[in-house]
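Subject: Handing over a structure, with notes

Dear colleague,

I am passing on a structure for you to look through, and my notes follow below it.

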Amino acid sequence: MLNKELISATIPTLNLKDSVFQALEMMSEFHVMQLAVVADNKLLGTVSEDELMNVDENLPIQTLEPHFSKAAVRANAHFMEAVQVVNDHNLCIIPVVEPENVFVGVITATDLLKQLGKVTGASEPGGIIVLEMEQRSFSFSEVSKLVETNDAQITQLNTYWDASSGSFIVTLKINKFEISDIIATFQRYEYQIKYYFGEELYENELRSNYDHLMNYLSI
């Protein structure tokens, strides 16, 4: 999805003549900590609540122009660019521009998180397995094969380098909750499992046995 497809229709903008008080009121009303400042359809930057709290509320926004953030994303870029910029600058909104800094609108961090959830399959049912390994040891085909031998499929795979542990982290989303057999397979092939989240097979068996016992006792 492109940035321009996630633009919010509700978040207002500021102009240079708006007062600090007006800006703070708008931020409070729309539950944001930044607002874009626009003049003649051009983005001048964004002003933050922190900056506004330290000045006279009767001053015009124009007095803070040297402190405007210039962070913005391109309208036709993939939305992951916006995710990166929001994270890098700790923003709750990110302006979207076309060539020559023409202002198009803003994307909220909330909408980015929702879209990221869709892309990563966070809303889809299934188990999660997190593997820890050396980067050179990672083979998508092998990992996929080990999952598929247990009548399951990988619906999402994400990787990143964890500098704190010096490890390559592989996160798998599996299309079923019962992942004890998959865990056992990875362990048999000496994969290091960092975390896993799912419904263990033995828990299902225990529950089934318990239900059978209760049915038997009630006869």
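Before anything else, a word on how residues are sorted by their accessibility: a residue is called buried when its relative accessible area is under 20%, exposed when it is over 50%, and partly exposed in between, with a 1.4 Å probe and with protein chains only. Helices (H or I, at least four residues) and strands (E, at least two) are DSSP runs that are numbered from the N terminus.

What you have is a predicted model, in which local features need pLDDT of at least 70 and side-chain atom pairs count only at pLDDT 80 or more, whereas totals for chains, interfaces and linings use all residues. Residues are numbered from 1 along each chain as its sequence is written, and side-chain values use heavy atoms, with hydrogens and water left out.

The chain as a whole

The protein chain has 7 helices and 9 strands, and its C-alpha trace spans about 75 × 50 × 30 Å along the principal axes. Its radius of gyration, taken over C-alpha atoms, is 25 Å, while a compact globule of 219 residues would have one near 17 Å, by a rule of 2.2 Å times the number of residues to the power 0.38. Of the 219 residues, 39% are buried. If we take contact to mean heavy atoms within 4.5 Å, then 58% of the contacts with a separation of 6 or more are between residues 24 or more positions apart.

The accessible surface, which comes from the Shrake-Rupley method with a 1.4 Å probe, is about 13,300 Å², and 50% of it belongs to carbon and sulfur atoms.

In helix α5, which covers residues 140–148, the buried residues include Val 143, Ser 144, Leu 146 and Val 147. These residues cover an arc of only 160° around the axis, which means that they are on the same side of α5; the arc is that of the directions from the helix axis to the C-beta atoms. The background to this is that an α-helix has 3.6 residues a turn, so residues three or four places apart point the same way. Ser 141 and Lys 145, on the other side of α5, are exposed. What do the buried residues of α5 pack against? They pack against β6 (128–133), β7 (154–162), β8 (167–174) and α6 (180–188).

Helix α6 has buried residues of its own, namely Ser 180, Ile 182, Ile 183, Thr 185 and Phe 186, and it is followed by Glu 190, whose phi is positive, near 60°.

Strand β7 holds Asn 158, a partly exposed residue with a relative accessible area of 33%. Leaving aside neighbours within four places in sequence, Asn 158 is in contact with Thr 120, Ile 169, Val 170 and Thr 171.

Helix α3 and what covers it

In helix α3 (residues 79–89), Phe 79, Ala 82, Val 83, Val 85 and Val 86 are buried, and their cover includes β3 (73–74), β4 (93–98), β5 (102–108) and α4 (109–119). Just after α3 comes Asn 90, with a positive phi of about 55°.

Finally, Leu 44 is in strand β2 and is buried, with a relative accessible area of 18%. Apart from neighbours within four places in sequence, Leu 44 is in contact with Leu 16, Val 37, Ala 39, Glu 65, Phe 68 and Lys 70.
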